[in-house]
Amino acid sequence: MTDPATDVPQVVFACVRNGGRSVIARVLTEHYADGRVRALSAGTQPGEHVHPEVVAVLEELGLDTSRETPTLLTRDTVAASDLAVTLGCGEECPYVPGVRYVDWPVADPGGQDPATVRAIVADLDARVRRLVAELVPDHEPPPSVLG
């Protein structure tokens, strides 16, 4: 939940493997929110690693993925968040009363060619920028990483 001392909302981005969509959304949120939103990512069935095609595209855009590692989505993680954004794991995502849920129907970038991954990143970029504007309306985020 929002930390009253810092007034920083927490968002968890959840998908199945935690190797693509949720990682992209988390990294973009951290970039655009500049510390004004705490972003987590997790998966209902986390994989071994972040998809290399996702890492390549994000790094092309100047975004650091070195700290990203698939993590299990827990009820506690959801309960500690103000918002849970599901990306293809809706029915498997733990439901916690009082937490707002939003589903973003976004294609899975795993195993896709670079152009497809870039299109998915562009989709998530627009969604994340709107989300950051909603969560911290007085914050002016940096320009889009997409140029």
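Biologist: Where is Val132 placed?
Modeller: In this predicted model, Val132 sits in helix α4, which covers residues 114–135.

Biologist: Buried or exposed, that Val132?
Modeller: Val132 is buried, because its relative accessibility is 1% and the cut-off for buried is under 20%.

Biologist: Which residues does Val132 touch, leaving out those up to four places away in sequence?
Modeller: Val132 touches Thr29, Tyr32, Ala33 and His139.

Biologist: And Leu28? How many residues apart along the chain are Val132 and Leu28?
Modeller: They are 104 residues apart along the chain, and 9.8 Å separates the C-alpha atom of Val132 from that of Leu28.

Biologist: Changing topic to the loops. Where does Asn18 lie?
Modeller: Asn18 is in the loop that runs between β1 (10–15) and α1 (21–33).

Biologist: What is phi of Asn18?
Modeller: Near 55°, which is a positive value, and Asn18 is a residue other than glycine.

Biologist: Is Asn18 buried or exposed?
Modeller: Asn18 counts as buried, because its relative accessibility is 0%.

Biologist: What about Asp34, where is its place?
Modeller: Asp34 is in the loop between α1 and β2, with β2 at residues 38–43.

Biologist: And what is phi there, at Asp34?
Modeller: Phi of Asp34 is near 50°, again a positive value in a residue other than glycine.

Biologist: Buried or exposed for Asp34?
Modeller: Asp34 is exposed, because its relative accessible area is 59% and exposed means over 50%.

Methods:
Residues are numbered from 1 along each chain as its sequence is written. This is a predicted model: local features need pLDDT of at least 70, side-chain atom pairs count only at pLDDT 80 or more; totals for chains, interfaces and linings use all residues. Side-chain values use heavy atoms; hydrogens and water are left out. Helices (H or I, at least four residues) and strands (E, at least two) are DSSP runs, numbered from the N terminus. Buried means under 20% relative accessible area, exposed over 50%, partly exposed in between (1.4 Å probe, protein chains only). Contact means heavy atoms within 4.5 Å.
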